[in-house]
Amino acid sequence: MLVQFIRKPLRYRYDNVVLILIGINLLVFLVQNLIAQATSYLALNPVAMVRFGMFWQPLTYMFTHGSISHLLFNMLGLFFFGIPMERHVGSKEFLLYYLVTGILAGLFSFGVFLLTGSYFTYLVGASGAIFAVQLAYATFFPDSVVFLWGILPLRAPVMVLGFTALELFSAITGTQNGVAHVTHLAGFLFGWLYFLVRFGVNPWRYLVRRS
């Protein structure tokens, strides 16, 4: 009974949620640059959550960004991989997937910050949710070809698994400080779990299949 409830499909409709999310990210970035304290209220910070009760931050952090290049890179990923996914599963399912994976990635990072004593870290960016969206794209469209940096053609599963391996290596070795590798990997992990729980699908079957 519970499984049937969890896997009950949402009614399909297409509302351009990806474009709406991009618009919200642009608006929040504008607010960050106009209001000095906006980032400290919206980004995810362990002290703000535990001491000051800012429990909205696991949601709002994914709409904040640290720079214009950070914003641009994430929004390009959301646009190119999110639109095909939204058309495939519908806007409601896409939004649920995006928010669930992004929030859980933020909460996972929050737990890591507490365990490692990184109390004054500010987590910003949609990267956790974007990694989950990339996983979904590669699972739904495993034979599609993505031109990395607009030059190198890669099958979508190769790109996603390659990025994940690079993030795992960086997280273990501590290279490229300042990048939230744990959040990226958490987005990938929770996207994977979403497929298993919500769709009853193991992405591995699609990521490694031969075209």
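Visitor: Is D15 buried, exposed or partly exposed?
Guide: In this predicted model, D15 comes out as partly exposed, because its relative accessibility is 31%.

Visitor: And which residue forms a salt bridge with D15?
Guide: That's R13, with 2.8 Å between the closest N and O atoms. R13 has 44% relative accessibility, so R13 is partly exposed too.

Visitor: How many salt bridges does the structure hold?
Guide: Three. Another one joins the side chains of E93 and R198, at 2.8 Å from N to O. E93 sits in helix α7 and R198 in helix α10, so this pair ties together parts that are 105 residues apart in sequence.

Visitor: Are E93 and R198 buried or exposed?
Guide: E93 counts as buried because its relative accessibility is 5%. R198 is at 10%, so R198 counts as buried as well.

Visitor: What about D143, which residue does its side chain meet?
Guide: R155, in a salt bridge of 3.6 Å, N to O. D143 lies in the loop between α8 and β1 (145–148), while R155 is in strand β2 (residues 152–155), so the parts they tie together are 12 residues apart in sequence. D143 is partly exposed at 39% relative accessibility, and R155 is partly exposed at 23%.

Visitor: Changing topic: where does α6 bend?
Guide: At G82, by about 40°. A proline, P84, follows within four residues.

Visitor: What span should α6 have, and how far apart are its ends?
Guide: Helix α6 covers residues 68–89, and its 22 residues should span 32 Å at 1.5 Å a residue. The C-alpha atoms at its ends are 30 Å apart, which agrees.

Visitor: What follows α6?
Guide: G90, with a positive phi near 95°.

Visitor: Which residue other than glycine has a positive phi?
Guide: N16 has one, near 55°. N16 is in the loop between α1 (2–6) and α2 (17–34), and its relative accessible area of 34% makes N16 partly exposed.

Visitor: Back to α6. Which of its residues are buried?
Guide: Among them are L71, L78, F81, G82 and I83. L78 also stands out in the largest nonpolar core: of its 46 residues, L78, F94, Y97 and Y98 touch the most other members.

Visitor: Which helices supply at least two residues of that core?
Guide: α2, α6, α7 (91–116), α8, α9 (156–173) and α10 each do. The largest share, eight residues, comes from α8.

Visitor: What is L78 in contact with?
Guide: Leaving aside neighbours within four places in sequence, L78 contacts V18, L21, I22, I83, F94, Y98 and I130.

Visitor: How many aromatic pairs does the structure hold?
Guide: There are 14. One of them is F81 with Y137, edge-to-face, with 5.1 Å centre to centre and 70° between the planes. F81 is in helix α6 and Y137 in helix α8 (residues 127–140), so the pair ties together parts that are 56 residues apart in sequence. Both F81 and Y137 are buried.

Visitor: And how are the rings of F140 and F195 arranged?
Guide: Their centres are 5.2 Å apart and their planes are at 50°, so the pair is tilted. F140 belongs to helix α8 and F195 to helix α10 (residues 181–199), so the parts tied together are 55 residues apart in sequence. F140 is partly exposed at 23% relative accessibility, whereas F195 is buried, with a relative accessible area of 1%.

Visitor: Which residues form the aromatic cluster?
Guide: F81, Y97, Y137, F140, F141, Y194, F195 and F199 form one cluster.

Key. Residues numbered from 1 in each chain as written. Predicted model: local features only at pLDDT ≥ 70, side-chain atom pairs only at ≥ 80, totals over all residues. Heavy atoms only, no water. Expected span 1.5 Å × (residues − 1). Bend = angle between axes of the 7 residues up to and from the residue. Buried < 20%, exposed > 50% of the residue type's maximum accessible area, 1.4 Å probe, protein only. Phe/Tyr/Trp six-rings, centres within 6.5 Å; stacked < 30°, edge-to-face > 60°. Core = buried A, V, L, I, M, F, W, Y, C linked by side-chain atoms within 4.5 Å. Contact = heavy atoms within 4.5 Å. Salt bridge = Lys/Arg side-chain N within 4 Å of Asp/Glu carboxyl O.
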